[in-house]
Amino acid sequence: MMTQKSLPRRTFLRGLGTTIALPFLDAMTPAMAAVRNTPKPPVRMAFVYVPNGIMMDGWNPDYEGKLGALPKILKPLEPFKDDILLLGNLTHNAGRALLDGAGDHGRCCASYLTGVQPRKTLVDIKSGISFDQIVANQVGKQTRFPSLELGMEDARQAGDCDSGYSCAYTNNLAWKSETQPLPPILDPRALFERLFGNGILLTPEARARQSRYRRSILDFVTDDTRKLESDLGPADRRKLDEYLTSIREIERQIAKAEKDNAQIDPHMEKPYGVPADFAEHFKLMTDMMTIAFQADLTRIITFLVTHEGTSRPYREIGIPDGHHPLTHHRNMPDLMDKVAQINCYQARQFAGWVEKLKATREGDATLLDNSMIVYGAGLSDGNRHSHEDLPTLVAGRGGNYIKSGRRIVYRKETPMCNLFMSMMDRMGAPVEHFGDSTGRLEGLDLA
Amino acid sequence: MQFPGQGKPPTGVVFDTDMGSGIDDALALALLHGLAGKDEARIAAISVSYANLKAAAFVDIVGRFYASATTGLAAMFLRGLPIGLANASAAAAPDTPILTAPALAKYPTGIRQLNDTAEVAPLIRNALTAQHDQNAVVVLTGPATNLVKVLDLQGARDLITRKVKMLVISGPSDINVKTGIAAAKRLFAEWPSPIVVSPDGIGEELLFPAASIEKDFAYAEHHPIVDAYQAYKSMPYDAPTWAMSAVLYAVRPQEGYFKLSDPGVATVLDDGRTRFTPATGGKHRHLILDADQKERVIKTYTEIASAKPVERKFRRPPSN
């Protein structure tokens, strides 16, 4: 339905302590506008980083070109193979030792988005500004949050996390400056309040006290919602309803996690709203990432799934061993299989997010079509600590740019930073040089 | 690779070769592996300016041959060093007798298509980042086309200044310079480190003896250097050693195998000839053949190039 007066893109539902941004609605298209004048949805980018490398035998297909059957680890993404691009042979030289000795986990994470070899230290940390922040500096003013930094495990910023490398290196992806990492938000409740609140972060105790009395945040915006709905056509009303329902569902999941955690151990160190289950936590975080993109709250997200070098066990899938020790498998088949299972489990969670993005309509396309979601790691072979042929998958088309459904294998030593250069172009923040780039990555837009 | 607690490791060698066009580069590669086997050098990177995939595959074959002998692992299971190949389509340069030698088909290689090779400029740049300051040498035995691409990378000139002791260049200049006059001009004008040129006459005077090929390499039933040598020309023949002279000087500059000119400035003329003008403070020098050293040099060539690789202890993968 076309109304005479279009709805501003920045329309909010407001209530007590609550501000809910809206997804792109048809009503936001200027009335009587010719199709050619329809504003293009923005391009978003996200990085989903998994640690400790990947069992590459289960990641790399034995062919190039059009994607067909995917290897074991990527099997969960097979339903979306037309929406992904697999890139081979990208290298991060800055992650290598380069005379600094042991510490590949610290280096590979700190250099992943910065392209800079970090200083080996526990105190006076130094890496480089990460490229997501360069983009955020350019386009971040157009959204409520220039960028969001998220994670699921460990946000310690001090201590020795890898052979003399500070935990600031293993626990952050984004760097605001060469000395200022941006610690990820781990707690879904904290993220929820950031996205929909008035900027005040509550303590767990205050949150619990408040939750005894409060209802859904949607209750606080009922008046605005009703008023808005009366101006919308049926399609937009349905879209709005789905959107608000998804927010309500997130609230329920967070509340459930809080309740479960309180029952398990009221004194647990984990943040109050963090689900004990990996998959639930992943889903909660990515559901909110979807909302953040959908409502154009931000266009840039980095998501450190678990921190580099983590020894987290995966009891959810029957693996009580620590992830990192397993990756030094000494070529023992049972250990290698467990690592592959972890890799596959994580890829399955990611596939769930891809499915959600693909199911979220935006104009004539989907949210996935308008995004570039990079899923990958700073090491390829976690046993050898290899920094070449990094596992790199791009989901989405970056706004009708990337020709997906293919595997491209570049020549060896092609810098990962070349991909970042191309992504910066696509995000509207081009630069002449980044990290150790030698140019743009060719072939992303070729069928 | 570094060796904690042992001070500086042996000199890191970047070898940029036009492998395939002549046999001297194959001999130089054997010499380089021999010097690495004696811990006098480390192969930091090898790049090939002869734009033919088989040339890169040959370098890989030789690398695996030596790596297999020193590790005791089968060549087919080894992860070969990445080999750079000039940025051209896979078969831009014509096949040569060396590259198509039927005897080479029996050796395993990991290079079957272009993306099994490395981009030259980042390969060399990355290799230099891993070297101690002033502990790297670059050996150029083909056109300068690859090295000028390194010069064009951001920050590369500072890196070269910091890491590279010298660049050693060998002929034959009528092929190497004339196939890339513009690149050669830029290289001499812009390369930041000292440059030492091994003039054509040195390689032509110091011939590698066919007899060495026939008997010194016999420790292996099949040897890729021997197979390449025999494929290049009808045996027996003695081969010029342009590239060997450059490798030998780069790794053992202190041994007095050659005399060294006074400093000066080398420039490449439009017709491809090189003019050397003595100049105080000049960064360029050239080697001078020392007749008294001729036999010693040839003996060194044959002994080291044909040295049987010695098995070493396996280096454990990182466990941090």
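Leaving out residues up to four places away in sequence, A:E432 touches A:M421 and A:R440, where contact means heavy atoms within 4.5 Å. You'll find A:E432 in the segment after α12 (416–426) of chain A. A:E432 is exposed, at a relative accessible area of 74%; here buried means under 20% relative accessible area, exposed over 50%, and partly exposed in between (1.4 Å probe, protein chains only). For a sense of distance, the C-alpha atoms of A:E432 and A:P184 are separated by 29 Å, and the two residues are 248 apart along the chain.

A:S437 also sits in the segment after α12 of chain A, but A:S437 counts as buried, with 4% relative accessibility. Its contacts, apart from neighbours within four places in sequence, are A:P415, A:C417, A:N418 and A:M421.

## Ground rules

This is a predicted model, so to read it: local features need pLDDT of at least 70, side-chain atom pairs count only at pLDDT 80 or more, and totals for chains, interfaces and linings use all residues. Residues are numbered from 1 along each chain as its sequence is written, chains are lettered from A and ligands numbered from 1 in the order in which they are written, and side-chain values use heavy atoms, with hydrogens and water left out.

Helices (H or I, at least four residues) and strands (E, at least two) are DSSP runs, numbered from the N terminus.

Over in chain B, strand β1 (residues 11–17) is mostly covered, with seven of its seven residues buried. B:T11, B:V13, B:F15 and B:T17 point one way from β1(B), while B:G12, B:V14 and B:D16 point the other way.

What does β1(B) pair with? It runs parallel to strand β2 (residues 41–48) of chain B over seven bridges, and strands pair if DSSP finds at least two bridges between them.

Next, β5(B) (136–140) has five of its five residues buried. B:A136, B:V138 and B:L140 point one way and B:V137 and B:V139 the other. β5(B) also pairs in the parallel sense with β6(B), over five bridges, and B:L140 has B:I169 as its partner in β6(B).

## Helices in chain B

Now for α5 (residues 156–163) of chain B: B:A156, B:L159, B:I160 and B:K163 are buried. They cover an arc of only 100 degrees around the axis, so they lie on the same side of α5(B); the arc is that of the directions from the helix axis to the C-beta atoms. These buried residues pack against α3 (120–129), β5, α4 (145–151) and β6 (164–170) of chain B.

Helices α2 (residues 53–71) and α10 (residues 224–232) of chain B pack at about 145 degrees, with axes 9 Å apart. Axes are lines fitted to C-alpha atoms, for helices over the stretch in contact, and angles run from 0 to 180 degrees between N-to-C directions. α2(B) brings B:F58, B:I61, B:V62 and B:F65 to the contact, and α10(B) brings B:P224, B:I225 and B:A228.
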